[in-house]
Amino acid sequence: MIGNRSNIQTFHASTEHPIPIILDGDPGHDDAIAWVLARSRPELRILCATSVCGNQTIEKTTYNAGRIMALLGMDVPLAMGLPKPLFRDPIIADTVHGKTGLDGPDLPEPVRTPVPYSAAELMARCLKESDEPVVIVPTGPLTNVASLLLLYPELKSKIRHISLMGGGIARGNWTPAAEFNILVDPDAAKIVFDSDIPITMAGLDVTEQALVYPEDFERIRHVGNDVALVVAGWLEFFYHFHQALGYPGAPVHDAVAVTALVRPDILSGKDLYVQVETTGEFCRGATVGDINRVSGKPANAYCLKDIDRVAFVDLLVEAVNYFG
Ligand code: BDR
Ligand code: CA
């Protein structure tokens, strides 16, 4: 049922009192659209952006982050994440996002160069400087967020919430059990899910319903400004891969993590205790949800389950309209 939010976290985002957020992603087409949405919303105040290695190498995702920020006029510090997951080798998703990690429309060159220190340090600086707790929005593997928690445990209380795209209670997409972001760095994901910080999990259960259909691309393109044309081009590229797998549209996974902050009324889900499988022959990277409450453990994540797809598309159209 849409709008049936649990009490794990309620956001009171308003234009008068915007929520300070940190964007952490591996852009990536759907990360890029998530950042478009975040940038368009006056109820959100973006403090900084950090790149993570996932969809492509850290050099490529950082370059893409800089290009997206230039397109969106997002004038905040950017830091490059670690070159690899905490304890494992990288896995990239070039089949989905292309050789550059963000194939498709031409983009402006980055305006800002990344800060000369790590993503975890930039996040820590932003948390320290913020006079109120901050929401982190990770849309890639959780390597940077876990590093932040390991290196600066004293800053945990400055993290109000983590609204992340990752996992899937019912299924995986990179293996039968595991979703890409969690599979790439399950050790980091475990640290985050075990952190006691309130989490909203936009997993595949909901994000595979966040479908943007080809006719919706046209609505977006029709808006006609530079950002709208680029977003339509990203959707075309992203859809191409998914169409071959039988999807009727492009699942814009990462934008759901931002939607949870600004339009919780179009989402529903439930509180669950979620454990991350870090080993195992078949299930490494799985997010195991205690649906039948057999663990006796309290919920650690609000797991999104349903989205009003039409309202989600309207939200994206509204987002590109923001850019003039
Ligand atoms: C996730 O994997 C990446 O390819 C997307 O950007 C998204 O964050 C979906 O499984
Ligand atoms: Ca991503």
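Colleague: Starting with the strands, how many bridges join S1 to S2?

Modeller: There are 7 bridges between S1 and S2, and the two strands run parallel; strands are said to pair if DSSP finds at least two bridges between them. Strands here are DSSP runs of E with at least two residues, while helices are runs of H or I with at least four residues, and both are numbered from the N terminus. This is a predicted model, where local features need pLDDT of at least 70 and side-chain atom pairs count only at pLDDT 80 or more, whereas totals for chains, interfaces and linings use all residues. Residues are numbered from 1 along each chain as its sequence is written, chains are lettered from A and ligands numbered from 1 in the order in which they are written, and side-chain values use heavy atoms, with hydrogens and water left out.

Colleague: Which residue is the bridge partner of Ile21 in S2?

Modeller: Ile21 has Ile46 as its bridge partner in S2. S1 is also joined to S4 by 4 bridges, again as a parallel pair, with Ile22 opposite Ile136 of S4.

Colleague: And what order do the strands of the sheet have?

Modeller: The sheet is open, with 8 strands in the order S3-S2-S1-S4-S5-S6-S12-S9 and mixed pairing. Its edge strands, S3 and S9 (267-272), each pair on one side only. At the S3 end, 2 bridges join S2 to S3 in parallel, and Thr50 has Ala79 as its bridge partner in S3.

Colleague: What unit do S1, H1 and S2 make?

Modeller: Together with helix H1 (residues 29-40), strands S1 and S2 make a right-handed β-α-β unit; right-handed is used when, with the strands pointing away from the viewer, the path from the first strand over the helix to the second runs clockwise.

Colleague: How many residues of S1 are buried?

Modeller: In S1, 7 of its 7 residues are buried, where buried means under 20% relative accessible area, exposed means over 50%, and partly exposed is in between, with a 1.4 Å probe and protein chains only. Ile19, Ile21, Leu23 and Gly25 point one way from the strand, and Pro20, Ile22 and Asp24 the other way.

Colleague: Where do Thr139 and Asp254 lie?

Modeller: Thr139 is in the loop between strand S4 (134-138) and helix H5 (143-151), and Asp254 is in the loop between strand S8 (250-251) and helix H11 (255-262), so the pair ties together parts that are 115 residues apart in sequence. Thr139 is buried at 2% relative accessible area, and Asp254 is buried at 2% as well.

Colleague: What about the inside: how many residues has the largest nonpolar core?

Modeller: It has 69 residues, and those with the most contacts inside it are Ile21, Trp35, Trp234 and Phe312; a nonpolar core is a set of buried Ala, Val, Leu, Ile, Met, Phe, Trp, Tyr and Cys residues joined through side-chain atoms within 4.5 Å. Helix H10 (residues 226-244) gives the largest share of this core, 9 residues. A second, separate core has 38 residues, among them Ile22, Tyr152, Ala189 and Met201.

Colleague: Which residues is Phe312 in contact with?

Modeller: Leaving aside neighbours within four places in sequence, Phe312 is in contact with Ala210, Val212, Val252, Ala255, Val256, Thr259, Ile266 and Ile307, where contact means heavy atoms within 4.5 Å. Phe312 is one of the buried residues of H12, and what covers those residues includes H1, H10 and H11.
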